Amino acid sequence: MRGRAEAHELIAPGSLSAVLELLAGAPGEWTPIAGGTELMVAHAAGRLAATKLVSLWGIPDLRFIESKPESIIIGAGTTFRDLRMDRNIATELPMLARASTWIGAIANQNRATLGGNLVNGSPAADSSPALLVYDAEVEMISLRGKRRIPYAEFHTGYKRNLMAPDELLLAVHVPRRFAHHRQYLRKVGTRRAMAISKVALAGTAKVEDGVVREIRLAAASLAAFPARLYRSEDAVCGRNLTPDIVKAARNALLAEVVPIDDIRSTAEYRRCVGANLLEEFLNELRIQGPAQ
Amino acid sequence: MSTEFSSIDFLINGEKRSVRVPPMKRLLDVLREDLHLTGAKEGCGEGECGSCSVRLNGELVNSCLVPALQAQGARIQTVEGLALDGELHPLQQAFLHCGGAQCGICTPGMLMAATHLLANNPHPSMAEIREGLAGNLCRCTGFTRIFESVISAAAQSGEERHAR
């Protein structure tokens with residue numbers, strides 16, 4: 001069934017403070033909509049449950065990229081095109097720049113926002129694996145104030161997160177120190193453009209004299225939400241990357257991921273490809289030795 | 001339940017227009033039903049096919065994914081705004097000349113995506129053309145003639161730039 005425009009209210013208060021007041025006045029009643037690349041699809045198909053929507057599009061306080069000495073702060077309303085065009089992101093957070101090119105095509109990147117991608121919380125979200133291995137933090141805001149938590153703690157279940165009904169996602173803080181880490185990001189989908197991922201894996205690592213000093217791994221589509229792979233990290237951290245350790249890491253990944261069968265792929269395929277991607281990253285670390 | 005209509009003003013193809021529509025009405029439907037600009041087509045209705053592409057404040061967007069209210073005060077360019085005084089835009093000429101249009105459903109979107117590409121990058125490489133049109137699906141041409149049309153228009157625009 002097609003959606004009816006008349007069945008939904010949409011208002012555009014125009015400022016962050018006005019939106020926060022609206023949310024505080026009736027917590028849970030209003031659904032924020034930014035670029036619409038997710039909610040408008042549901043709307044057209046008659047699947048949009050929200051009857052009252054509040055527009056975040058065009059609010060300047062949500063759309064910015066600010067480079068501080070220690071971190072790059074990205075407003076939740078920043079589009080993926082904005083991310084692709086930013087020089088600091090291209091040079092210091094190259095995986096985020098690359099993931100931004102995966103978000104549909106140009107017309108989608110012009111509208112889709114980083115905050116929308118995270119709040120929507122698809123298990124396959126393109127920007128999530130990179131942000132997880134960059135140790136990003138998310139900042140939320142309401143009339144009660146602001147709070148910041150590690151992004152790795154943000155998702156709590158399938159399309160569920162830690163935000164309260166009166167909160168908005170304000171910004172994502174990404175530390176700059178990973179510019180000196182080895183980085184890995186790969187998405188496996190049906191085709192290169194415009195395809196939602198079957199599996200994606202991201203990694204950052206610091207290797208000294210053949211020993212993995214620090215490593216962070218994260219995956220999309222291997223669980224109900226994008227998540228760090230802590231046990232796989234533990235299997236290699238502090239170790240020499242021998243073939244046995246690579247194998248142990250593969251086994252750790254296979255033991256900790258919980259993918260599902262769905263329209264895009266099967267759990268078995270996802271497990272297998274996830275382990276292969278991890279092995280590819282570890283082999284890159286092993287062969288190229290210490291970096292920077 | 002029904003909602004209040006909103007008055008929305010925009011500049012469409014250089015002309016001031018005003019409509020009263022439900023704020024969640026899709027821009028695509030406003031263009032087609034309220035303004036009778038039927039160039040933009042609905043293919044998939046979910047932002048995957050690009051046949052509803054228009055430019056909104058200079059940005060390429062899928063008009064099926066834009067609620068009307070978010071176009072308040074915007075400058076919108078549709079395929080109807082490409083030809084000037086009855087003279088086809090160089091891209092339209094190139095699509096005709098190179099066989100870039102067959103059934104025509106994707107063509108308005110292709111033209112808008114190509115217009116957007118050349119506005120930002122007057123001499124794109126083949127890889128850039130492919131990326132610029134990656135969100136626009138065509139089931140007839142196999143894409144090659146569309147890419148050739150864009151190359152041809154880009155080559156021409158070096159000589160006689162369309163003033164707009």
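In this predicted model, 21 Å separate the centres of domain 2 and domain 3 of chain A, taken over C-alpha atoms. The two domains belong to a three-part division of chain A: domain 1 covers 5-55, domain 2 covers 60-177 and domain 3 covers 181-288. Contact between domain 2 and domain 3 of chain A involves 23 residues of domain 2 and 23 residues of domain 3. On the domain 2 side, helix H5 (94-102), helix H8 (128-133) and strand S8 (155-157) of chain A each contribute at least two residues. By class, that side of domain 2 of chain A holds 15 nonpolar, five polar and three charged residues.

Next, the sheets of chain A. One is an open sheet of three strands, ordered S1-S3-S2, with parallel pairing. Strand S1 (9-11) and strand S2 (31-33) of chain A form its edges, each pairing on one side only. Neighbouring strands of this sheet are turned by 30° against each other on average, direction ignored. Within it, S2(A) meets strand S3 (residues 52-55) of chain A over three bridges, in the parallel sense. One residue pair can be picked out here: A:Thr31 has A:Leu53 in S3(A) as its bridge partner.

A second open sheet of chain A has five strands. Their order is S4-S5-S10-S6-S7, and the pairing is antiparallel. The edges are strand S4 (65-67) and S7 of chain A, each of which pairs on one side only. From one strand to the next, the twist averages 20°. A:Glu66 finds its bridge partner in S5(A), namely A:Ile73. A helix also packs on this sheet: helix H1 (residues 16-25) of chain A touches S6 and strand S10 (168-175) of chain A. The direction of H1 makes about 75° with that of S6(A).

Strand S6 (residues 137-142) of chain A and S7(A) run antiparallel and are joined by six bridges. They form a hairpin, with two residues between S6(A) and S7(A). Across this pairing, A:Ile141 has A:Lys146 in S7(A) as its bridge partner. How many of the six residues in strand S7 (residues 145-150) of chain A are buried? The count is zero, and S7(A) is hardly covered.

Turn to chain B. The secondary structure comes to five helices and five strands. From the N terminus on, the elements of chain B run β-β-α-β-β-β-α-α-α-α. The radius of gyration of chain B is 16 Å, close to the 15 Å that the globule rule gives for 164 residues, so chain B is as compact as a globular protein of that length. Along its principal axes, the C-alpha trace of chain B spans about 50 × 30 × 25 Å. Of the 164 residues in chain B, 48% are buried. Among contacts in chain B between residues at least 6 apart in sequence, 57% join residues at least 24 apart.

Chain B is divided in two: domain 1 (6-81) and domain 2 (90-157). Their centres, taken over C-alpha atoms, lie 21 Å apart. Contact between them involves 13 residues of domain 1 of chain B and 11 residues of domain 2 of chain B. Strand S3 (residues 53-56) of chain B supplies the largest share of the domain 1 side, three residues. That side of domain 1 of chain B has six nonpolar, five polar and two charged residues.

After H2(B) comes B:Gly99, whose phi is positive, near 75°.

Finally, the two chains meet. In this contact, 27 residues of chain B face 26 residues of chain A. The largest share of the chain B side, four residues, comes from strand S4 (residues 59-62) of chain B. By class, the chain B side divides into 12 nonpolar, 10 polar and five charged residues.

Terms used: Residues numbered from 1 in each chain as written. Chains lettered and ligands numbered in written order. Predicted model: local features only at pLDDT ≥ 70, side-chain atom pairs only at ≥ 80, totals over all residues. Domains from an automatic or database assignment. Contact = placed C-beta atoms within 7 Å. Nonpolar A, V, L, I, M, F, W, Y, C, P; charged D, E, K, R; others polar. Rg over C-alpha atoms; globule rule 2.2 N^0.38 Å. Buried ≥ 20, exposed ≤ 12 C-beta atoms within 10 Å, placed from the backbone. Pairing = 2+ DSSP bridges. Axes fitted to C-alpha atoms, helices over the stretch in contact; angles between N-to-C directions.
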